[in-house]
Amino acid sequence: MIRRPIVLALLALLAAGLALAACHKNPASETPVDEHGSPVYVDIGGGQFKLTKAYYDLALERAGPIFRGQFETPAGKRDYLDRLVYEAVYYLEGLRKKYDRKTEFKNLYNLRLFQGVLDEFRSDLRKKLVITDDQLRAEYDRLMKGKAGAKPFETMKTAVRNMLEMRLVEEAYQAKKQGLLKDWQIKYHYDLLNRLLPSKPNPDDVPRLDEVLAEGANGYKYTVGQLAKRIEELPEEVKQRLRQPGGDAKARLEFVVGEDVLFTWAVREGLDKTASYQLRKLIIEVVILSQITRAEIIGNDIVASGDEAKRYYDLHKHNFTRSNGQVVPFEEVRAKILSDLTEHKRLDAMKSLAKSLMAHRFPTVYYEANIKKYLIGAPDAH
């Protein structure tokens, strides 16, 4: 005989289970946070990936100040959120297929980690910026004064702010780099360049990996081995460009060393230990593995045909007119139309497959209450 208290306990557990199930069937009212307290916008794959407010805010930097305006409206924010969800889905699929073991992934990841520390410094500079209305007005005048059809200042204010922000950050970035090069008394060993990039290679005169290309105060050294490792991590198309004759080898060395000096300083300052850098590392991993996964699954076979380009041209001739009203001939815009249509077809294929993966392999839950409160309903949250 089952006792009444046990029955009541079972009923209570059952009721709690039903309530929990009902809640997850309708997540619109849920407001979860991750282990760091950041509100979760989207859960992908039953907890395999949590797309949080902190992740979204930092990932938005990738859009760049000039292009960020398209993601400032509620519809634009939702669009960018969806893009990040699709990216995360391909990332999870890449982990499942073990594409993260590919040499291509490892090389790009190491390369981007280096750049990620420098991005962390840029982000720090951006946070410290104070831009006044007078500066905005002056920047607007500099960019737009005298231009026919220029939009009013108030209409362009956000775009002008973004462009001014980008310029001021880059100026501060370069100033810091030049200051470090001077303070650290960096000396270049240009003689090694002739042995690294000789017109007639001599195997017996190839520099050792431990030979120093640049050195300075504070024990700083940049060796042949460091440069070789950096080149090895570059994508193949970049390596091909470096192998081409011509170009200023001294200028290239100075640029590489300058970036490395700034990186070394940033690491000594602990910019690779911040919470935001740890999140930046995850974003770097997601971006690279997602790109590799899409390339592996979708490939480059999806291309627009000449007939599709011609049909598009015939339907949109009004978009291909010169200032004098004459229509631009199809052959002049054929390559551009083909490129744009191919990009759209690949984007559609990417979205379609991502949605299929979300439906069948990585169940995805949008927490609308968090999205409305912290993203759509808070335009100044970023």
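Aspartate 43 sits in strand E1, which covers residues 40–44. The structure here is a predicted model. A search of the whole structure turns up 29 salt bridges.

**Aspartate 43**

- Is aspartate 43 buried or exposed? Its relative accessibility is 8%, and buried means under 20%, so aspartate 43 counts as buried.
- The side chain of aspartate 43 reaches the backbone nitrogen of glycine 47 at 2.8 Å.
- Aspartate 43 also touches residues beyond four places away in sequence. Among them are Phe49 and Lys50. Pro363, Thr364, Val365 and Tyr367 are touched too.

**Salt bridge: glutamate 87 and arginine 62**

- Glutamate 87 pairs with arginine 62 in a salt bridge, with the closest N and O atoms 2.8 Å apart.
- This pair links distant parts of the chain, 25 residues apart. Glutamate 87 is in helix H3 (residues 74–96), while arginine 62 is in the loop between helix H2 (53–59) and H3.
- Glutamate 87 is buried, at 9% relative accessibility. Arginine 62 is partly exposed, at 41%.

**Salt bridge: glutamate 368 and arginine 78**

- The side chains of glutamate 368 and arginine 78 form a salt bridge, at 2.9 Å from N to O.
- Glutamate 368 is partly exposed, at 30% relative accessibility. Arginine 78 is partly exposed as well, with a relative accessible area of 26%.

**Salt bridge: glutamate 170 and arginine 122**

- Glutamate 170 and arginine 122 form a salt bridge, and their closest N and O atoms are 3.3 Å apart.
- Glutamate 170 belongs to helix H6 (residues 153–183) and arginine 122 to helix H4 (residues 103–128), so this pair ties together parts 48 residues apart in sequence.
- Glutamate 170 is partly exposed, at 31% relative accessibility. Arginine 122 is at 17%, so it counts as buried.

**Helix H13**

- Helix H13 runs over residues 330–360 and has 31 residues. At 1.5 Å a residue, H13 should span 45 Å. Its end C-alpha atoms are 43 Å apart, which agrees.
- H13 has a kink of about 30°, centred on lysine 336.
- The buried residues of H13 include Phe330, Val333, Ile337, Leu338 and Leu341. Thr342, Met350, Ala354, Leu357 and Met358 are also buried.
- What covers these buried residues of H13? The cover includes H3, helix H11 (275–297), helix H12 (306–315) and strand E6 (364–366).

**Positive phi**

- Most residues other than glycine have a negative phi.
- Lysine 98 is not a glycine, yet its phi is positive, at about 65°. Lysine 98 is in the loop between H3 and H4. It is partly exposed, with a relative accessible area of 43%.
- Asparagine 218 is not a glycine either, and it has a positive phi of about 65°. Asparagine 218 lies in the loop between strand E4 (212–215) and strand E5 (221–223).

Terms used:
Residues are numbered from 1 along each chain as its sequence is written. This is a predicted model: local features need pLDDT of at least 70, side-chain atom pairs count only at pLDDT 80 or more; totals for chains, interfaces and linings use all residues. Side-chain values use heavy atoms; hydrogens and water are left out. A salt bridge is a side-chain nitrogen of Lys or Arg within 4 Å of a carboxyl oxygen of Asp or Glu. Helices (H or I, at least four residues) and strands (E, at least two) are DSSP runs, numbered from the N terminus. Buried means under 20% relative accessible area, exposed over 50%, partly exposed in between (1.4 Å probe, protein chains only). A polar contact is a pair of N or O atoms within 3.5 Å; within protein, one must be able to donate a hydrogen and the other to accept it, and residues adjacent in sequence count only if both atoms are side-chain atoms. Contact means heavy atoms within 4.5 Å. The expected span of a helix is 1.5 Å times one less than its number of residues. The bend at a residue is the angle between axes fitted to the seven residues ending there and the seven starting there.
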